[in-house]
Number of protein chains: 2
Amino acid sequence: MIDSERHLQIGSLLFEGLDQIDLTGPFEVLSRIPNATYRIYAKDREPVRDVRGLRLSPDATLAEAPQLDLLHVPGGYGQEALMEDEAVLGWIRDQAAGALCVLSVCTGALVCGAAGLLAGRRATTHWSAHHLLPLFGATAVDARVVVDGPMVFAAGVTAGIDGALTAAAQLRGDEAAQVIQLYMEYAPEPPFDAGTPARAPEAVSARARAGAAEITARREATARRVGARLGVTPG
Amino acid sequence: MIDSERHLQIGSLLFEGLDQIDLTGPFEVLSRIPNATYRIYAKDREPVRDVRGLRLSPDATLAEAPQLDLLHVPGGYGQEALMEDEAVLGWIRDQAAGALCVLSVCTGALVCGAAGLLAGRRATTHWSAHHLLPLFGATAVDARVVVDGPMVFAAGVTAGIDGALTAAAQLRGDEAAQVIQLYMEYAPEPPFDAGTPARAPEAVSARARAGAAEITARREATARRVGARLGVTPG
């Protein structure tokens, strides 16, 4: 927990083709952290489209960001291109070096990996990409939220809400996080028990895996290339 | 469950000062319903700000909307003004008359109430506004999701995800909803048990109630005025 008098800078990275709830789930938490400035940063000020078409606008450019205390990196299909975008990776690397906390959501973990932040870390990501974490030198942990040093890793998509509440508690204490949780009425009751491949009916898992096969293959090829370049992929 | 060959029109209402996750939580589900067109509708095409500043843009105006099969009405602070906005209320009323399903999230229920959709219904809404439902002739039910006829009511904020999965299953069957749930890795693990006033620590509930007092008082005054005009407020 950080001195409550210290004003915090909190920022989310926005990019074309992200999965919107990787950003908007944590937004609901991070934008309510007491005594903090929350902003959304992107390469330029143009609106972007999420993978299903939601238009989202940044507040400022990467270059305009101060040193952030909490950096939030979402995932989604568009993260694949980011894994070889040196301008974004360099910004993440520089910000992470001075941040109290880096919150990775879903396949945002692979972007963090491409920025060199995963080597030697325990981490998690979306179930479809979990096996790719070792390509960046990380140990893949089967958990919804994994905390390792300054890194908070949330698993896929909606896990970002759980990860953001965890990060909020780290910065401002449990009670502050609980007030936000209560405001959000976050006492989830999914109508089905189908949120992980192990728990979903087999036919559902098969359909979801088939739907993710192409992007997963592309992610793997890119992650292998980038991991080898970084020298973190185990031989 | 509706004939899978029938193309569905699905739309969310966007307005200034909504709570963004009331829209973006269901977006994640609704935009993935098979054989459907999903769009966001607003009075005009200008971007709006959510209550915490997120800029969201509509896809089309209310006037451009076809008859929707599923109408989604989010809530948030900005819903208070909508309760007396006849242009929006008339649109909701007309759409609801032809829709298969109306998904109300959070205090979107009060907007539906002002449109006359709550009279005689069982309903739910955000915990801070639950006691206002009878002003629109509804029976307030203490549940996260309440289904009554074509209406699906989700409780506060994040309950919209549960409500949207329920609506998706109604339209396209359980398996289609489960595939979406698995994609979203929606197997929530909140780090605290603080998502309802009854479950949160007393100090947390007190702080959250105090924070909601002013908007709740304003909502009540407006709901009384509108309910009386509609003739649905019990004497």
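The accessible surface of chain A comes to about 8200 Å², and carbon and sulfur atoms account for 50% of that area. Such areas are computed by the Shrake-Rupley method with a 1.4 Å probe, and for residues only the protein chains shown count as cover. The model is a predicted one, in which local features need pLDDT of at least 70, side-chain atom pairs count only at pLDDT 80 or more, and totals for chains, interfaces and linings use all residues. Residues are numbered from 1 along each chain as its sequence is written, chains are lettered from A in the order in which they are written, and side-chain values use heavy atoms, without hydrogens and water.

**Chain A as a whole**

- Seven helices and 11 strands make up the secondary structure elements counted in chain A; these are DSSP runs numbered from the N terminus, with helices (H or I) of at least four residues and strands (E) of at least two.
- The radius of gyration of chain A is 17 Å, which agrees with the value near 18 Å that a compact globule of 235 residues would have. The radius is taken over C-alpha atoms, and the globule rule is 2.2 Å times the number of residues to the power 0.38.
- The C-alpha trace of chain A spans about 50 × 40 × 35 Å along its principal axes.
- Of the 235 residues in chain A, 63% are buried (under 20% relative accessible area, with exposed meaning over 50% and partly exposed in between, for a 1.4 Å probe and protein chains only).
- Among the contacts in chain A with a separation of 6 or more, 67% are between residues 24 or more positions apart; a contact means heavy atoms within 4.5 Å.
- Chain A has 21 positive and 28 negative charges, and their mean positions are 5 Å apart. Lys and Arg count as positive and Asp and Glu as negative, leaving out His and the chain ends; the charge is placed at NZ of Lys, CZ of Arg, CG of Asp or CD of Glu.

**Aromatic pairs**

- Over all chains there are four aromatic pairs, counted where ring centres of Phe, Tyr or Trp (its six-membered ring) lie within 6.5 Å, with planes under 30 degrees apart called stacked, over 60 edge-to-face and the rest tilted.
- The pair of A:F27 and A:Y38 is edge-to-face because the ring centres are 5.2 Å apart and the planes stand at 85°.
- A:F27 belongs to helix α1 (residues 20–30) and A:Y38 to strand β2 (residues 36–42) of chain A, so the pair ties together parts 11 residues apart in sequence.
- A:F27 is buried at 1% relative accessible area, and A:Y38 is buried at 13%.
- In chain B, B:F27 and B:Y38 also form an edge-to-face pair, with 5.2 Å between centres and 85° between planes. Both B:F27 and B:Y38 are buried.

**A:M83**

- A:M83 sits in the loop between α2 (79–82) and α3 (86–98) of chain A and is buried, with 1% relative accessible area.
- Beyond residues up to four places away in sequence, A:M83 touches residues including A:L89, A:F136, A:R219 and A:A223.
- The C-alpha atoms of A:M83 and A:A223 are 7.5 Å apart, although the two residues are 140 positions apart in sequence.

**Residues with contacts in the other chain**

- B:Q178, in helix α6 (residues 174–183) of chain B, is buried at 13% relative accessible area.
- Leaving aside neighbours within four places in sequence, B:Q178 is in contact with A:F192, A:A194, A:P201 and A:V204.
- A:D50 lies in the loop between β3 (48–49) and β4 (55–56) of chain A and is buried at 4%.
- With neighbours within four places in sequence left aside, the contacts of A:D50 are A:G17, A:L18, A:D19, A:Q20 and B:F27.
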